[in-house]
Amino acid sequence: MIFVQTFKGYEDKTLELDDTVNSWIKEHSVNVVDIKTVLAHEVDGRAGSGDLLYTVLYKADGPI
């Protein structure tokens, strides 16, 4: 069955988000089907950077 795992980070800290996603994949020996990304950026936001979302589609017997 295909399941979804979503990770959230910041567009100016992509290395941290990449490390989190890669560590999760390695830790759980996940069979990745696809990874989608989206950037949500609030115009004139206080943070000065947007949210970066990674959606990992993976194959498993049950959700992890």
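In what order do the three strands of the open sheet stand, and is the pairing parallel or antiparallel? In this predicted model, the three strands form an open sheet in the order β1-β3-β2, and the pairing is antiparallel. Strands β1 and β2 lie at the edges, each pairing on one side only. With direction ignored, neighbouring strands of the sheet are turned against each other by 20 degrees on average.

Strand β3 is joined to β1 by nine bridges, the two strands running antiparallel. Within this pairing, threonine 6 has threonine 55 of β3 as its bridge partner. On the other pairing, β2 and β3 also run antiparallel and are joined by nine bridges. Here isoleucine 35 is the bridge partner of valine 56 in β3, and alanine 40 stands opposite aspartate 51 of β3.

Leu52, Tyr54, Val56 and Tyr58 make up the covered face, whereas Asp51, Leu53, Thr55, Leu57 and Lys59 belong to the uncovered one. Leu52, Tyr54, Val56 and Tyr58 also belong to the largest nonpolar core, which has 12 residues in all. At least two core residues are supplied by each of β1 (2-10), α1 (14-28) and β3 (51-59).

Side chains of opposite charge can pair when their charged atoms come close. The model contains two salt bridges. In one, the side chains of aspartate 51 and lysine 8 meet at 3.7 Å, N to O. This pair links distant parts of the chain, with aspartate 51 in strand β3 and lysine 8 in strand β1, 43 residues apart. Aspartate 51 counts as partly exposed because its relative accessibility is 25%, while lysine 8, at 56% relative accessibility, counts as exposed.

Aspartate 34 is partly exposed, with a relative accessibility of 28%. Lysine 36 is likewise partly exposed, its relative accessible area being 47%.

A further local feature concerns the backbone. Most residues other than glycine have a negative phi. Serine 29, although not a glycine, has a positive phi of about 45 degrees. This residue is found in the loop between α1 and β2 (31-40). Serine 29 has a relative accessible area of 64% and is therefore classed as exposed.

How values were computed. Residues are numbered from 1 along each chain as its sequence is written. This is a predicted model: local features need pLDDT of at least 70, side-chain atom pairs count only at pLDDT 80 or more; totals for chains, interfaces and linings use all residues. Side-chain values use heavy atoms; hydrogens and water are left out. A nonpolar core is a set of buried Ala, Val, Leu, Ile, Met, Phe, Trp, Tyr and Cys residues joined through side-chain atoms within 4.5 Å. Buried means under 20% relative accessible area, exposed over 50%, partly exposed in between (1.4 Å probe, protein chains only). Helices (H or I, at least four residues) and strands (E, at least two) are DSSP runs, numbered from the N terminus. Two strands pair if DSSP finds at least two bridges between them. Axes are lines fitted to C-alpha atoms, for helices over the stretch in contact, and angles run from 0 to 180 degrees between N-to-C directions. A salt bridge is a side-chain nitrogen of Lys or Arg within 4 Å of a carboxyl oxygen of Asp or Glu.
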